[in-house]
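This report describes the pockets of one structure.

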Amino acid sequence: MIAVVGLVVGVVLGLIFRPEVPVGLEPYLPIAVVAALDAVFGALRAFLDGIFDDKVFVVSFVSNVVIAAGIVYLGDKLGVGGQLSTGVIVVLGIRIFSNVAAIRRHIFHA
Amino acid sequence: MTGPGTPYDDGPRHGSMGAAPARTPVPPAVTMPLLNRITQQSLDEDYLHVAERRTTTGEPRGSGGRRLTVLAVVAFGLLVAVAAVQTERNAPAREESRAVLISRIDAQQKVVRRQHQEIGELTDSYTKAESSYTDLGRQLAQANRRSQSLAEETGYGAVSGPGVQITVDDAPDAGRSGLVQDDDIAGVLNGLWQAGATAISINGQRVTTRSAPRNSGTVIRINNVSLTGPYVISALGDNRTMLAKFAETSSGRAFQLLTQTLHMPVTMENVDHLQIPAAPDSLLSLRFATPATGQKPQEEN
């Protein structure tokens with residue numbers, strides 16, 4: 001419940017302040033969002049499995065975002081940024097889908 | 001689903017290495033296809049490890065991280081909102097550049113269309129020009145042929161072919177009256193023209209419309225060149241009939257009478273191959289009047 005409130009607060013803060021993203025960080029923002037989404041769905045599934053742990057969530061959230069952005073940054077420096085971000089999004093997308101499937105099984109018992 | 005009993009997870013961790021056989025089986029994580037692995041381990045294994053440790057050690061679920069969790073969730077919401085805002089902010093620029101590109105494409109397509117049209121027009125005019133060029137070439141060839149035949153007729157070009165040769169000389173002992181006169185030569189020329197000669201020369205001097213034999217002392221001048229006897233008159237034409245026809249003309253008869261009376265030595269023979277040169281250059285520049293263009297002729301004092 002408090003997590004939902006936090007989410008709403010975050011979204012509202014973002015919409016109110018509309019912070020300007022530095023041009024250098026702009027390409028990494030979408031990939032960071034996808035990585036964070038993966039961490040959040042993983043946490044939701046762990047919560048429903050009854051094995052949620054705050055520390056694990058925070059660590060996986062931060063490391064997911066940092067590593068995803070780092071991989072894309074490295075790819076940009078090597079000239080394969082587009083391909084690497086595609087790879088990252090594919091892997092994260094598969095994880096998100098399977099986590100969502102597990103969550104669905106929990107909610108609908110199916 | 002990855003369970004706690006997966007060999008990959010807890011095999012090495014629980015110190016079962018010593019009891020392992022000499023050849024440890026390859027962990028399934030190595031042989032498993034990559035996509036399967038991603039799907040199976042979609043849940044962070046750390047959740048499982050922590051839960052497992054908690055059940056084994058019986059330590060209570062710590063609540064100290066709750067604030068951090070909320071912070072992370074707030075950060076997530078912020079991230080999503082910022083990304084959405086940024087994308088929305090960039091949309092007009094992207095749309096604008098797209099519109100600019102489209103308009104540029106349109107303009108270029110218009111240019112290409114116009115150039116295609118130009119190509120068509122140019123091809124048409126090229127075809128027309130080419131056909132008129134071939135026409136002109138044909139006309140040129142015709143004109144060249146005509147110029148050639150005219151040159152042969154008028155003395156502008158050398159000619160050769162069958163013909164007759166009449167040689168006449170001064171009478172050896174008739175004194176001044178026995179000399180060949182310009183009138184005699186002119187008579188022979190007229191007779192030969194009448195007999196169908198196409199080109200005539202006297203001692204290698206081409207006879208043209210502007211050539212007239214003239215007496216000059218004891219010699220005859222033609223084309224501004226002095227000739228002395230014997231006078232060899234070569235005439236191109238049909239040599240089967242020309243001498244006979246010549247003899248029938250009044251000039252021919254007069255010539256025959258003259259030579260017989262004055263005992264001029266005359267030979268007439270058919271020649272199968274005669275060379276007749278072109279007239280000298282001084283004769284070839286024609287003088288002719290040109291109409292005054294536009295202006296009234298001025299009165300001269």
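The volume of the second largest pocket is about 410 Å³. The model is predicted, with local features needing pLDDT of at least 70, side-chain atom pairs counting only at pLDDT 80 or more, and totals for chains, interfaces and linings using all residues. Residues are numbered from 1 along each chain as its sequence is written, chains are lettered from A and ligands numbered from 1 in the order in which they are written, and side-chain values use heavy atoms, with hydrogens and water left out.

A pocket is an open set of points on a 1 Å grid over the protein atoms alone, where a 1.4 Å probe fits, with protein on both sides within 12 Å along at least five of seven lines; lining residues have an atom within 4 Å of a point. A volume is the space filled by probe spheres set on the points, which are joined across faces, edges and corners.

Nearest the centre of the second largest pocket, among its 19 lining residues, are A:Asn64, A:Ile67, A:Val91, A:Leu92 and A:Arg95. Helix 3 of chain A contributes most to this lining, with seven residues. Helices are DSSP runs (H or I, at least four residues) numbered from the N terminus.

The largest pocket holds about 540 Å³ of space. Its lining has 19 residues, and A:Ala3, A:Val4, A:Leu44, A:Phe47 and B:Val73 are the closest to its centre. Helix 2 of chain A supplies the largest share, six residues.

| Pocket | Lining by class |
|---|---|
| Largest pocket | 16 nonpolar, one polar, two charged residues |
| Second largest pocket | 10 nonpolar, five polar, four charged residues |

Here Ala, Val, Leu, Ile, Met, Phe, Trp, Tyr, Cys and Pro count as nonpolar, Asp, Glu, Lys and Arg as charged, and the others, Gly among them, as polar.

How values were computed
Helix = DSSP H or I, 4+ residues; strand = E, 2+ residues; numbered from the N terminus.
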